[in-house]
Amino acid sequence: MIKRALLALAALAAVSAPALADQALATAKNCMACHAIDKKLVGPAYKDVAAKYAGQKDAVDKLANKIMKGGSGVWGPVPMPANSQVNEAEAKKLAAWVLSQK
């Protein structure tokens, strides 16, 4: 019985914790200097990115690649620089978090 309660508690924590943890990662990696969740700054709002890539099966991989290597032309004339301080696992975590913004 205690084991089930602990598993339920762990599942609940896993559902609520990633949003904060991934925003903390975005802040730590300086993503929030150019992006915000719900408004355009230098780059697009994360909610707009999520809407643009909604339903695309390869969206996490596409965005993770853009996070690491940068890109241009998709959201206007200002290019997104490469983020060499972000490794592949972090990029995928950030991409999944961005795509979860509604």
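Me: Axes are lines fitted to C-alpha atoms, for helices over the stretch in contact, and angles run from 0 to 180 degrees between N-to-C directions. At what angle do the axes of α2 and α4 cross?

Reply: This is a predicted model, where local features need pLDDT of at least 70, side-chain atom pairs count only at pLDDT 80 or more, and totals for chains, interfaces and linings use all residues. Residues are numbered from 1 along each chain as its sequence is written, and side-chain values use heavy atoms, without hydrogens and water. Helices are DSSP runs (H or I, at least four residues), numbered from the N terminus. The axes of α2 and α4 come within 8 Å, and their crossing angle is roughly 85°.

Me: How is α2 oriented to α4?

Reply: The crossing angle is roughly 85°. Angles of 65 to 115 degrees count as roughly perpendicular, under 35 as roughly parallel, over 145 as roughly antiparallel and the rest as oblique. Therefore α2 is, relative to α4, roughly perpendicular.

Me: Which residues of α4 make the contact with α2?

Reply: Contact means heavy atoms within 4.5 Å. From α2 come Tyr-46, Val-49, Ala-50 and Tyr-53. Facing them from α4 are Trp-97, Val-98 and Leu-99.

Me: How is α3 oriented to α4?

Reply: The axes of α3 and α4 come within 8 Å. They cross at roughly 120°. So α3 is, relative to α4, oblique.

Me: Which residues of α4 touch α3?

Reply: On the α3 side, the contact uses Ala-59, Val-60, Asp-61, Leu-63, Ala-64, Ile-67 and Met-68. On the α4 side stand Glu-88, Ala-91, Lys-92, Leu-94, Ala-95, Ala-96 and Leu-99.

Technical notes. Helices (H or I, at least four residues) and strands (E, at least two) are DSSP runs, numbered from the N terminus.
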